[in-house]
Amino acid sequence: HCAMLLAEHGYAAQLHLTQGPTLFFDDPGCLLEYRHSHPEAVGQAFYHHRREERWLPEAAVGWVTDLHGPMAYGIAAVDQASAGSHTLAWAQQEVAHRRKQ
């Protein structure tokens, strides 16, 4: 999406637009930010698991604090059932907090 190199797969995200291309992001916060600024962008989101080599559909994602992401949004995707994981609403709030800084 923003032409950043996807160097750290553990933070990658993708948005399969219903009408349009698939967009790739180097940080899950970038995808959430994109959706905020492009509410017309409808499609399925997938997030790379932070610690495992697999993709998670958005409905299966739990969110954890991770301060090492490439764009410093401070969030990472894990399985929803992971201990201490948060909801999508929490992740969106974290991204919104960064936006206000």
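Me: Where is the place of A72?
Reply: A72 lies in the loop between strand 5 (61-65) and strand 6 (75-79); helices (H or I, at least four residues) and strands (E, at least two) are DSSP runs, numbered from the N terminus. This is a predicted model, in which local features need pLDDT of at least 70 and side-chain atom pairs count only at pLDDT 80 or more, while totals for chains, interfaces and linings use all residues. Residues are numbered from 1 along each chain as its sequence is written, and side-chain values use heavy atoms, with hydrogens and water left out.

Me: Which residues is A72 in contact with, leaving aside neighbours within four places in sequence?
Reply: With those neighbours set aside, A72 is in contact (heavy atoms within 4.5 Å) with D27 and R98.

Me: What is the relative accessible area of A72?
Reply: The value is 49%, so A72 is partly exposed. Buried means under 20% relative accessible area, exposed over 50%, and partly exposed in between (1.4 Å probe, protein chains only).

Me: And strand 5: how many of its residues are buried?
Reply: 4 of the 5 residues of strand 5 are buried, so that strand is mostly covered. Strand 5 runs antiparallel to strand 6, joined by 5 bridges, and V64 faces A76 of strand 6.

Me: Changing topic, what is the strand order in the open sheet of 4 strands?
Reply: The order is 2-1-3-4, with antiparallel pairing; two strands pair if DSSP finds at least two bridges between them.

Me: Which strands stand at the edges?
Reply: Strand 2 (22-25) and strand 4 do; each has a single partner strand, so one side of each lacks a neighbour in the sheet. From one strand to the next, the twist averages 20°; angles run from 0 to 180 degrees between N-to-C directions, and axes are lines fitted to C-alpha atoms, for helices over the stretch in contact.

Me: How many bridges pair strand 1 and strand 3?
Reply: Strand 1 and strand 3 (residues 43-48) pair over 5 bridges, in the antiparallel sense. Within strand 3, Y47 stands opposite A13 and G43 stands opposite L17. On its other pairing, strand 3 meets strand 4 (residues 55-57) over 3 antiparallel bridges, with L56 as the bridge partner of Y47. A hairpin of 6 residues joins strand 3 to strand 4.

Me: Is Q14 buried or exposed?
Reply: Q14 counts as buried, because its relative accessibility is 10%. Q14 belongs to strand 1 (residues 13-17). Beyond four places in sequence, its contacts include F24, L31, F46 and W55.

Me: Which side chain does the side chain of Q14 make a polar contact with?
Reply: The partner is the side chain of H16, at 2.6 Å. A polar contact is a pair of N or O atoms within 3.5 Å; within protein, one must be able to donate a hydrogen and the other to accept it, and residues adjacent in sequence count only if both atoms are side-chain atoms.

Me: Last topic: at what angle do helix 1 and helix 2 pack?
Reply: Helix 1 (residues 28-37) and helix 2 (residues 88-100) pack at about 80°, with axes 10 Å apart. The two helices are therefore roughly perpendicular (65 to 115 degrees; under 35 is roughly parallel, over 145 roughly antiparallel and the rest oblique). Helix 1 contributes G29, L32, E33 and H36 to the contact, and helix 2 contributes L88, A91, Q92, V95 and R99.
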